[in-house]
Amino acid sequence: MSYDIAIIGGGLVGAGFALATVKENPKLKLIILEQYTPNFDYDDTTYDNRVYAISPNNFNKLSKYGVKVENIRAGIINQMSVFGTNSKIEFDRKDCNNKYLAKIIESRNLLAAIYSELSNYPQVEFHYGTVENIVFISEQFIIQSKDITIQANWLIASDGANSFVRRQFNFEMEEIPYYQSGVVANFRCEKSHSSIAYQWFLDESVLAYLPLPDNQISIVWSTDRVNELLNMTKEQFCNEVMIASGSKLGKLELITSPAAFPLKMNLVNSFVKDRVILIGDSAHTIHPLAGQGVNLGFGDAWELALLMAKTNAKVDNADLQRFNARRLLEVRKMQMTCHTLHRLFHNRNFLVDKIRNFGLNMVNNLGIVKKMLINTASNY
Ligand SMILES: Cc1cc2nc3c(=O)[nH]c(=O)nc-3n(C[C@H](O)[C@H](O)[C@H](O)COP(=O)(O)OP(=O)(O)OC[C@H]3O[C@@H](n4cnc5c(N)ncnc54)[C@H](O)[C@@H]3O)c2cc1C
């Protein structure tokens with residue numbers, strides 16, 4: 001079996017890329033090789049604790065490509081309050097050109113919606129099983145997965161932060177560990193969240209409250225206290241989160257088991273090597289404090305899909321290098337912004353503390369700078 005494009009990894013970015021490509025050029029023949037068969041059966045009464053803050057720009061792109069998430073299950077951020085030790089910055093949807101700052105969408109809700117739209121396109125095939133070997137012979141990739149061997153002209157790696165493809169083709173990468181994990185969990189709150197997202201830069205950690213429907217929230221707590229937090233009783237854990245947030249939304253009731261994801265920043269030198277292209281977390285990972293990881297990945301997906309579609313999957317080297325340069329620039333800007341914020345807020349030096357509090361308060365009072373920040377974030 002031979003394909004124009006083989007996509008290794010059918011997560012949000014790989015599936016998003018396949019959909020955008022086939023929408024832009026239905027003549028292309030694609031295969032997604034994903035190790036796990038997805039399970040989209042879920043209980044209507046609970047929310048997935050993997051949620052993403054999706055930017056208006058990406059939500060609009062997904063809608064344009066026919067992706068219909070269950071809106072009733074999505075939260076909306078209309079305002080955001082960010083607290084430093086002695087400072088505060090507030091963002092409001094009125095300061096930007098969009099109706100909301102971001103949508104909070106469960107991973108499974110979004111993935112199910114993308115897969116559902118993809119099912120209308122027989123030219124995109126799926127195979128479930130781990131890709132174990134890839135070789136490049138006579139201008140073709142020969143890819144071996146469970147039970148099948150296929151051939152393809154292009155290899156798109158969307159197989160996540162520990163990418164097998166990236167290792168197999170020796171892409172150069174620097175890994176910067178944060179020695180922290182992102183602890184995620186969902187809660188029902190005593191007080192109304194009023195579609196406001198909150199974020200606290202605490203001494204050693206960053207805690208975010210992301211609004212979900214039915215007055216529930218999802219938290220992301222970037223911290224090195226992972227084992228301690230995960231081994232607490234429900235009551236102790238709720239208490240810790242309430243203390244860290246100054247009981248902003250009153251009493252919390254834990255409604256999903258907490259989970260933790262180790263945090264690191266992967267800096268890959270180039271996303272392109274001959275006809276192998278890395279997108280999403282295989283190409284870059286980022287501290288989650290700005291909720292931009294999958295947004296950056298979708299940015300890669302949309303841009304690469306247009307290039308593949310426009311050239312009938314016969315992209316020349318100059319176009320590929322331009323794609324690489326543009327994406328590297330966008331990705332590095334965001335990676336460095338998040339990294340700097342992380343470093344700045346984890347520096348306990350008295351003077352640094354003064355400067356960052358002064359900086360946050362100043363930006364809060366500078367309407368134009370604030371608007372610029374919001375509009376930049378919503379366009380990712
Ligand atoms: C705590 C936390 C909170 C976050 N919050 C946000 C947020 O609010 N907003 C945001 O934009 N981003 C957020 N992110 C980042 C986001 O999770 C990632 O950027 C995103 O999931 C990357 O998607 P992906 O499709 O590139 O990779 P993945 O989701 O990792 O998908 C990779 C896929 O490849 C498959 N695969 C791997 N190896 C193989 C193989 N050998 N063969 C076949 N298949 C394979 C896997 O099964 C998987 O399905 C957060 C991250 C963390 C840790």
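Reader: Hi! Why is strand β15 largely enclosed by the rest of the structure?

Author: Eight of the eight residues of β15 (residues 216-223) are buried, so the strand is largely enclosed. Buried here means that 20 or more other C-beta atoms, placed from the backbone, lie within 10 Å of the residue's own. Strands are DSSP runs of E with at least two residues, helices are runs of H or I with at least four, and both are numbered from the N terminus. One caution: this is a predicted model, where local features need pLDDT of at least 70 and side-chain atom pairs count only at pLDDT 80 or more, while totals for chains, interfaces and linings use all residues. Residue numbers start from 1 along each chain as its sequence is written.

Reader: Thanks! Which residues lie on each side of β15?

Author: Gln-216, Ser-218, Val-220 and Ser-222 are on one side, with Ile-217, Ile-219, Trp-221 and Thr-223 on the other. Both faces are covered.

Reader: And how many bridges join β12 to β15?

Author: Eight, and the two strands run antiparallel. Strands pair if DSSP finds at least two bridges between them. Within this pairing, Ser-181 has Thr-223 of β15 as its bridge partner. Strand β14 (residues 206-212) also runs antiparallel to β15, with seven bridges, and Leu-210 stands opposite Ser-218.

Reader: What do β14 and β15 form?

Author: A hairpin, with three residues between the strands. In the turn, Asp-214 has a positive phi of about 60°.

Reader: Switching to the ligand: which residues come nearest?

Author: Gly-9, Gly-11, Gly-182, Gly-280 and Gly-293, out of 32 residues around the ligand. A residue counts as near if its C-beta atom, placed from the backbone, lies within 6 Å of the molecule. Elements giving two or more residues to this shell are α1 (12-24), β2 (30-34), β3 (51-54), β12 (173-189) and α7 (293-310).

Reader: Which one gives the largest share?

Author: That's α7, with four residues.

Reader: Nice. Why is α1 largely enclosed?

Author: Because 11 of its 13 residues are buried. Its cover includes β1 (2-8), β2, α3 (107-118), β8 (124-128), β11 (148-157) and α7.

Reader: What is Ile-5 in contact with?

Author: Leaving aside neighbours within four places in sequence, Ile-5 is in contact (C-beta atoms, placed from the backbone, within 7 Å) with Thr-21, Leu-28, Leu-30, Ala-152, Trp-154, Ile-156, Met-308 and Ala-313.

Definitions and conventions
Two residues are in contact if their C-beta atoms, placed from the backbone, lie within 7 Å. A residue is buried if 20 or more other C-beta atoms lie within 10 Å of its own, exposed if 12 or fewer, and partly exposed in between; C-beta atoms are placed from the backbone.
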